[in-house]
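Subject: Structure handover

Hi,

Here is the structure you asked about. My notes follow below it.

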Amino acid sequence: MPGCCHVELAKTTTGSGVYAPYVNSTSFDVTAPLDADSVLIRDVGPRDGLQAIDQNVSLKAKITMANGLIAAGLRRIEAGSFVSPKAVPRMADSRQVLGAMPKAAAAREALVVNVRGAHAAIEAGVDVLVGVISASDTFSHRNVHMSKADAITELRRIAEVAETAALPVSVDLSAAFGCAFEGPVGVDVVADAAEQVTSTGAFEIVLADTIGAAAPNDISAVVAAVRERVGSDVHLGLHLHDTRGLALTNATAGLDAGIRRFDASVGGLGGCPFSPGATGNVCTEDLVHLFDALGLSTGINLNELIAVAAAIEHELGTKLPSHMLRAGPRFSHLAK
Ligand SMILES: [Zn+2]
């Protein structure tokens, strides 16, 4: 909780250069440190949320969603991915989504898995490149068709491309709390992978509970092991899934461990098409409601965010797993 945990980060703009200011960027500076009473949420709904659903979502609806999130106060949006449209057909229009988002209001982020994708994302005007490394070798093969070692090599090349373009690289470390194919993943294995990611110059590692297997003690253990290994030279974040109903509990464990950066998906949209059973990104509005209640600053207008979720629910015609959509914020409609 606030006040009883160390601040996530000590280092700012000097030393190894990983926090060199991105002076050419006019978007929100994702690399800046946060104070202990602030949290920074990246909404992954337009990418992670929409890529796995069965129905097609129009370009117009995607743009309305992304810009609605920005209007509600989100400062980081994972807007799409630049990967093979054969592998992930839902993301084939990521370039148009990025192009329709206001440039200075929020960081427009996109997932890439190779240099080709990095170049395409940069051409589309991306503000932050999001790489992905798996703690599990089997999931790495399933997700990006590369071994862990090959994925790190490719990440290094992506980082070089990003550096030339003066863009920061955030890296999702997937299967950090267990793998759909290998089961539990040791904390040392996760820490080893995080150390390798740090060596590429990434400014941030987002520890992902891809299959929703983590319990609060796992969050504490993995964050502590990774922090000890990578030091304070890199920001750490959490990407939680509510597959087994533990996402908000795990978020509080993350706060206690000093984490101030969280991924979430508006409406609780999403999952992962390459990891069986990986349903349910933690819902952004439920997470904001929790952080508001804890007195943390999110910069997000909860009611406006709920309106964005309601619009998506209406667009999809499917009930979304959002507590806020059903009940509203606490005390928002008292009995007369
Ligand atoms: Zn996810």
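Start with the strand pairing. Strand S4 and strand S5 (residues 169-174) run parallel, joined by six bridges. Within that pairing, Gly131 sits opposite Val171 of S5. Strand S3 (residues 107-112) also runs parallel to S4, with three bridges between them. There, Leu111 faces Val130 of S4. Between S3 and S4 the chain passes through helix H4 (residues 115-123), and this β-α-β crossover is right-handed.

S4 itself spans residues 128-134, and seven of its seven residues are buried. In a regular strand, side chains alternate between the two faces of the sheet. S4 can be read that way: Val128, Val130, Val132 and Ser134 point to one side. Leu129, Gly131 and Ile133 point to the other, and both sets are buried.

Before you go further, a word on confidence. This is a predicted model. The mean pLDDT of the protein chain is 89, and 90% of its residues reach 70 or more. Residues 1-25 are the stretch to watch: pLDDT is below 50 there. That stretch still has 48 contacts in the model beyond near neighbours in sequence.

Overall picture: the protein chain holds 12 helices and eight strands. It has 336 residues, of which 51% count as buried. Take the contacts with a separation of 6 or more: 74% of them come from residues 24 or more positions apart.

Helix H8 covers residues 216-230. Its 15 residues reach 21 Å from first C-alpha to last, close to the 21 Å expected at 1.5 Å a residue. Which of its residues are buried? They are Ile219, Val222, Val223, Val226 and Val230. These cover an arc of only 100° around the axis, so they lie on the same side of H8. Asn217 and Glu228, on the other side, are exposed. What do the buried residues of H8 pack against? The partners are helix H7 (187-198), strand S6 (204-208), strand S7 (235-239) and helix H9 (247-256). Gly231 follows H8, with a positive phi near 70°.

Helix H11 covers residues 302-316. It has 15 residues and reaches 21 Å between its first and last C-alpha, close to the expected 21 Å at 1.5 Å a residue. Leu302, Leu305, Ile306, Val308, Ala309 and Ile312 are buried in this helix. Their arc around the axis is only 155°, which puts them on the same side of H11. The buried residues of H11 pack against helix H2 (59-71), helix H10 (284-293) and helix H12 (323-327). Just after H11 comes Gly317, with a positive phi of about 70°.

Met91 lies in the loop between strand S2 (76-82) and helix H3 (94-99). Is Met91 buried or exposed? It counts as buried, because it has 23 C-beta neighbours inside 10 Å, and the cut-off for buried is 20 or more. Setting aside neighbours within four places in sequence, Met91 is in contact with Arg47, Gln51, Gly80, Ser81 and Val83. Leu50 is 41 residues away from Met91 in sequence, yet the C-alpha to C-alpha distance is 8.3 Å.

Best wishes

Conventions: Residues numbered from 1 in each chain as written. Predicted model: local features only at pLDDT ≥ 70, side-chain atom pairs only at ≥ 80, totals over all residues. pLDDT = per-residue confidence, 0-100. Contact = placed C-beta atoms within 7 Å. Buried ≥ 20, exposed ≤ 12 C-beta atoms within 10 Å, placed from the backbone. Helix = DSSP H or I, 4+ residues; strand = E, 2+ residues; numbered from the N terminus. Pairing = 2+ DSSP bridges. Right-handed = clockwise from strand over helix to strand, strands pointing away. Expected span 1.5 Å × (residues − 1). Arc of directions from axis to C-beta.
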